[in-house]
Amino acid sequence: RSHLILDLLGPSSGTAMGASITLSADTTKVTWVDVPAGGSTVMLMKNGTQFNLGSGIPIQRAKATGNVLQASVAQKAPTPAASLNGTLLQVALDLKSGLGLTQGTTITLSSDGTKCQVLDGTGIISPMALTMGTLTAQ
């Protein structure tokens, strides 16, 4: 079983209070899973290194519906805006077992440009363009 952790890396400049992403994957080949391997899919995302979630109940949530994963993380006021230059959040995929994928088989992963957003340091919600790579079975 293969466990792949994907980091959402922010740009080298700018600040934010939170981020939200919507990703799609080929669920005939992979499954959205918890970032710590072997999880129960209760927590399908993990805060990255940039946002300070503070004490108490954190503002972070993820859900998978079919092939779509939605994930959001945010700081609580009055925490100062965080630098975007780093890992904003993490999500993970497991390769489904028993598929017999041949080397070189591509696995489609995409983002929804209208639903990937950042709450910037001034409180404005803006679209966040994601650059997706290609997943290829080895």
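How many bridges join β2 to strand β10 (residues 109-111), and in which sense do the two run?

1. First, the answer: β2 and β10 run antiparallel and are joined by three bridges. To locate the spot, look for Ala-25, which stands opposite Leu-109 in β10. Keep in mind throughout that this is a predicted model.

2. β2 has other partners too. With β6 it pairs in the antiparallel sense over seven bridges, and there Ser-20 has Ser-72 as its bridge partner.

3. Is β2 mostly covered or mostly open? Covered: eight of its 11 residues are buried. As a reminder for looking at any strand, side chains in a regular one alternate between the two faces of the sheet.

4. Now the inside. The largest nonpolar core has 30 residues, and the ones touching the most other members are Ile-21, Trp-32, Phe-51, Val-91, Leu-93 and Met-128. At least two core residues come from each of β1 (3-9), β2 (15-25), β3 (30-33), β6 (68-74) and β8 (87-95). β2 turns up again here, giving the largest share with five residues.

5. Met-128 deserves a click. Leaving aside residues up to four places away in sequence, Met-128 touches Leu-8, Ala-19, Ser-20, Ile-21, Leu-88, Cys-116, Gln-117 and Val-118.

6. On to the pockets. The largest holds about 260 Å³ of space. Its lining has 15 residues, with Leu-6, Asp-7, Leu-8, Thr-131 and Met-132 nearest the centre. β1, β2 and β8 each contribute at least two of the lining residues, and β1 has the largest share, at four. By class, that lining is made up of 11 nonpolar, three polar and one charged residues.

7. The second largest pocket has about 160 Å³ of space. Among the residues lining this pocket are His-3, Val-30, Leu-93, Ile-107 and Ala-137. Two or more lining residues come from each of β1, β8 and β13 (135-136), with β8 giving the most, three. The class count for this second lining is seven nonpolar, three polar and one charged. Note that Leu-93 is on this list and also among the core residues that touch the most other members.

Notes:
Residues are numbered from 1 along each chain as its sequence is written. This is a predicted model: local features need pLDDT of at least 70, side-chain atom pairs count only at pLDDT 80 or more; totals for chains, interfaces and linings use all residues. Side-chain values use heavy atoms; hydrogens and water are left out. A nonpolar core is a set of buried Ala, Val, Leu, Ile, Met, Phe, Trp, Tyr and Cys residues joined through side-chain atoms within 4.5 Å. Buried means under 20% relative accessible area, exposed over 50%, partly exposed in between (1.4 Å probe, protein chains only). Contact means heavy atoms within 4.5 Å. Two strands pair if DSSP finds at least two bridges between them. On a 1 Å grid over the protein atoms alone, a cavity is a set of points where a 1.4 Å probe fits but cannot get out, and a pocket is an open set with protein on both sides within 12 Å along at least five of seven lines; lining residues have an atom within 4 Å of a point. Grid points are joined across faces, edges and corners, and a volume is the space filled by probe spheres set on the points. Ala, Val, Leu, Ile, Met, Phe, Trp, Tyr, Cys and Pro count as nonpolar, Asp, Glu, Lys and Arg as charged, and the others, Gly among them, as polar.
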